[in-house]
Amino acid sequence: MRMTPESLSLPRMRDAYQKETADLRLTFERSGDGSASLRRRSTLVDKVVRQLWTELAENQSDPTNVTVVATGGFGRKELFPYSDIDILFLCANDSTERDCHEVIRTCTQAMWDIGLRASPATRTYKECDHVDPDNLEFAVSLLDRRYLCGDYALFKKLENDLLPSLVLREWNTIVQNLAEMARARHSKYGNTIFHLEPNIKECPGGLRDYHLSQWLNLLFSLQAQKAWPKASTNNFFAVHNDLESAFDFLAAARCFLHYRCGRDDNTLDWHAQDEAAEQSIGLDTSGSADPAYWMRTYYRHARTIFRRTSLLMDDVPPPRRSFYKQFRRRRTPVAGTDFFLEQGRLDLDPASTVSDADGVLRIFGLVAVHGYKLSQNAEDRIAEALPVLAVQMPEGPFLWNCLREILLGPHAAHALRTMHALGVLELIIPEFHGIDALVIRDSYHRYTVDEHTFLVIDNVHGLRQPAHDWEKRFATLLPEVDRLDLFLLALLMHDTGKARRTGDHCTQSVELAESLFARLEFDPEERETVRRLIRNHLEMSATLRRDIFDPESIRAFAEKTGSHAQLKMLCLMTYADIKAVAPDALTPWKAENLWQLYIATSNFLDRSVDEERYHVETDTGLLNRIIALTPERSEELKSFLEGMPQRYLQTRLPEQIRTHFRMALDLATEPAQLAFRTVRQLNEITLITADRAMLFADMAGVLSAWGMNIVKADAFSNAAGIILDTFQFTDPFQTLELNPTEVDRFLKSIRDVVSRHVAMETLLRARSHGNRRANAKVHVDTRLAFDNESSTHSTLLQVVAQDTPGLLRELARTFAERACNIEVALIDTEGEVAIDVFYLTSQGKKLNGEQQQQLSASLTQAIEALRH
């Protein structure tokens, strides 16, 4: 009788499967044990498949020639709630495949009808005896084969005869392609475990890497023993319990994501992180956990997997070896240690013991200087010897000499990461342990605090070979740092205070460094050098949020800096610190501002700070350079420049000033002069027109209406009341890039609003259907801070708020309604946080207390209205 899905007991099997699946979910939600949940689901699916095949096999003419094999995740007994069921129908020969085709099709259809996402493959025994480089996944899936039902003798023949012979014969092809696929996947994710919303399966350090490490270890063992390793001797993963712990955590997290989404979704998005922490998914504790702590646990486990996988990938031989390398592998002993260097990797003889702390520190010095890697064996031996090394670890000048050799090496960050991963860094500097995988959970900080610290050091050493022109200026400061060793030590310790979570982390980092100073036996001068750098390491970043061309800002910053030596180190520290926050945190224009702040402060320290406003009669040098470009208009040029802020002339080339001047001359024919250009990754628009109320608000409103994101703005005016506003902005939706003809319409809409031919509200209504940014992931509380001390002529207002479309326009509109004039506007954005600073006057004076209170109430109301 021909069997069909309808003739099987599918309704009963489907009901039973659904009931047991629901029980599995309840069990997971109660216990949180992801690994156990995978095994239970695998057992359940085993039972279903065997029952189906048993009913079908009763009607087969020769059931002994087919075996049903679980492969891939199913073969490993790692079936996640919504994973596919990888199953192989192995036929003895072609005729068996033809005869069983209908039965196999019926079985597969029945699996789908029951609710199993079957991913079947049908192969003859002969077809399994080769590796297709374009379908490596099938060959790899057989590494995790497991007998289900059918012809057991055929399965054992596959397992004991065909597969070992095939894998040994195609060993290079398999391992090299596995490694190449992994490198491509790692590259797709930036070769880093640090992602705000990681894919816990595909990202570096995810489940895919965990399984890769299993496969490579199995393949290396097979190559060495020429047979499958026995369960009792394949103890690689029994020894490395940290890997099993990492798998248990990721298994629980992936089960949680599957149940949460109702599908095979492996992205740990922001809200999923909150929910996982609330339920303590994968943690040993009950109740709820802090999301930052939960993500800290995730990064620790991802780091463990990624590091172990990377070491195994390093052992994969290259596709081709030179004739020389095939016949010669040279070992070079490392003097004074039991280590040796072979093919760029430091290893340790199996008969040797790691008991010499001095020798281990010397090894890390070589890693820092030459960029060598440690072998897997060397790393394991050092990690196992930590208790012995802790007793023998030196202190005083000898320890400092070892540490400074590591810090000064061009590959210092690589050496420090390795030391940190193995626990050696914490032996030297216990204070560093508190920031191990510490998460600063917002959409701006990409990296954990320890990784951020290593990147800061890497960024400084990277200036030895600057990649961009704008980095070359900072590179000139590096050779001028007198004590580069102390500077790098300050970088290593500058964020350790964040471990305490409360209070000023700069002050707390200094406190933690004091005990290190004592162990290293630093003299008072050395201590103070490092102290001041750590204590003031945020001062330059904070000053960047002020008007860096305001003498009062420069004076205040210069007083904290104190000397040219400290200024150079703070400048480099700020450069490296900002750049290490996220891949795109240090934009070229931020770097430009940082350099301008360095120059301005250096000038102040040299007693040569310029006056705030430019006056023709007191500075003719710049005037003559510009007049040389427009000799026929010298008197008009003098009128244009008179009263301009010094920052305008310091940040513009003479050619740019000439262009602006010519635009001002055309105001009689077109009252709103515009210039549009692209500056690096940013768009820039310059407006020259006569001053009027709401001008800044209207400009910000037009840009917001077009979906632009303002990242920087300058507002200048001369003594004649001519306004020169410059806005730099990004185009998140690529409106202008993808539609070049829209540029003219964009500029026309600005002219229409500035000239008041079109009301701002009309434009906003017309474009209200346009692109909007996604909902905020992080809620940002609004903070307003007034300051009447930092500037001699204006009230400084700092606004910290959610970065929402139209924010700048609402702020400027509120200023105008409260009769406040914007003298300077400094716009900055960090992730989803807008940090805008305004220098305000009212009728030419600072704002008094009552005016500040009224303005604060109006601004708060306007900002809250934007949220809803």
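**Close-up 1. The surroundings of His494.** Leaving aside neighbours within four places in sequence, His494 is in contact (heavy atoms within 4.5 Å) with His452, Thr453, Val456, His505, Ser509, Ile534, His537, Met573 and Asp577. This is a predicted model, where local features need pLDDT of at least 70 and side-chain atom pairs count only at pLDDT 80 or more, while totals for chains, interfaces and linings use all residues. Residues are numbered from 1 along each chain as its sequence is written, and side-chain values use heavy atoms, with hydrogens and water left out. You will find His494 in the loop between helix H22 (484–493) and helix H23 (505–520); helices here are DSSP runs of H or I with at least four residues, strands are runs of E with at least two, and both are numbered from the N terminus. Is His494 buried or exposed? His494 counts as buried because its relative accessibility is 1%; buried means under 20% relative accessible area, exposed over 50%, and partly exposed in between, using a 1.4 Å probe and protein chains only.

**Close-up 2. The largest nonpolar core.** A nonpolar core is a set of buried Ala, Val, Leu, Ile, Met, Phe, Trp, Tyr and Cys residues joined through side-chain atoms within 4.5 Å. Here the largest one has 168 residues, and Trp53, Trp294, Phe487 and Leu489 have the most contacts inside it. Helix H10 (residues 241–261) gives the largest share of this core, 12 residues. Apart from it lies another core, of 48 residues, including Leu736 and Cys820. In soluble globular proteins, nonpolar side chains tend to be buried together.

**Close-up 3. Two aromatic pairs.** Rings of Phe, Tyr and Trp (its six-membered ring) pair if their centres lie within 6.5 Å; planes under 30 degrees apart count as stacked, over 60 as edge-to-face and the rest as tilted. By this rule, the count is 23 aromatic pairs. One of them, Phe249 with Trp294, is tilted, at 5.1 Å centre to centre and 40° between the planes. This pair links distant parts of the chain, with Phe249 in helix H10 and Trp294 in helix H12 (residues 291–314), 45 residues apart. Phe249 is buried at 2% relative accessible area, and Trp294 is buried at 0%. Now look at Phe815 and Phe838, an edge-to-face pair with 4.9 Å centre to centre and 70° between the planes. Both Phe815 and Phe838 are buried.
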